[in-house]
Amino acid sequence: VSTQSTGEVIILDVRVPCTPVATLKNHTACVNGIAWAPHSSCHICSAADDQQALIWDIQQMPRPIDDPILAYKAEGEINQVQWATGQPDWIAICYNQSMEILRV
């Protein structure tokens with residue numbers, strides 16, 4: 001997975017790294033973090049300067065993925081995201097000088 005300053009998340013297959021498998025385009029600012037769901041190979045959370053944490057279902061790859069399945073708007077630019085390994089229904093995000101724990 002690669003992030004772009006354009007707000008895109010690019011998913012690569014390491015067996016063919018020259019060709020993106022999918023591009024997630026709903027962020028409007030620089031993406032600062034991504035986290036794979038510990039319980040699922042097809043869910044990923046991206047967090048960005050646009051104050052959004054977006055959860056994606058990438059199961060339909062390589063078909064285009066147009067929209068996230070969940071979205072959360074924080075009170076500041078999100079600079080860190082972590083999916084809890086022991087509690088897969090929870091995601092932590094950090095912004096400004098705060099941390100929020102979100103149930104998904």
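This is a predicted model: local features need pLDDT of at least 70, side-chain atom pairs count only at pLDDT 80 or more; totals for chains, interfaces and linings use all residues.
A strand here is a DSSP run of E with at least two residues, numbered from the N terminus.

**Fold and overall shape**
- The protein chain has ten strands and zero helices, so its radius of gyration is the next thing to look at: at 13 Å it is close to the 13 Å that the globule rule gives for 104 residues, making the chain as compact as a globular protein of that length.

**Packing and surface**
- Of the 104 residues in the protein chain, 35% are buried.
- Among contacts with a separation of 6 or more, 32% join residues 24 or more positions apart.
- The accessible surface comes to about 6,100 Å², and carbon and sulfur atoms hold 48% of this area.

**Charge**
- The protein chain carries 11 negative and 5 positive side chains.
- The centres of these two sets are 8 Å apart.

**A closer look at valine 81**
- Valine 81 has a relative accessible area of 6%, and because buried means under 20%, this residue counts as buried.
- Beyond its neighbours within four places in sequence, valine 81 contacts Gly33, Ile34, Ala35, Cys45, Ala47, Ile91, Ala92 and Ile93.
- Aspartate 66 is 15 residues from valine 81 in sequence, and their C-alpha atoms lie 22 Å apart in space.

Terms used. Residues are numbered from 1 along each chain as its sequence is written. Side-chain values use heavy atoms; hydrogens and water are left out. Helices (H or I, at least four residues) and strands (E, at least two) are DSSP runs, numbered from the N terminus. The radius of gyration is taken over C-alpha atoms; the globule rule is 2.2 Å times the number of residues to the power 0.38. Buried means under 20% relative accessible area, exposed over 50%, partly exposed in between (1.4 Å probe, protein chains only). Contact means heavy atoms within 4.5 Å. Accessible areas come from the Shrake-Rupley method with a 1.4 Å probe; for residues, only the protein chains shown count as cover. Lys and Arg count as positive and Asp and Glu as negative; His and the chain ends are not counted. The place of a charge is taken as NZ of Lys, CZ of Arg, CG of Asp or CD of Glu.
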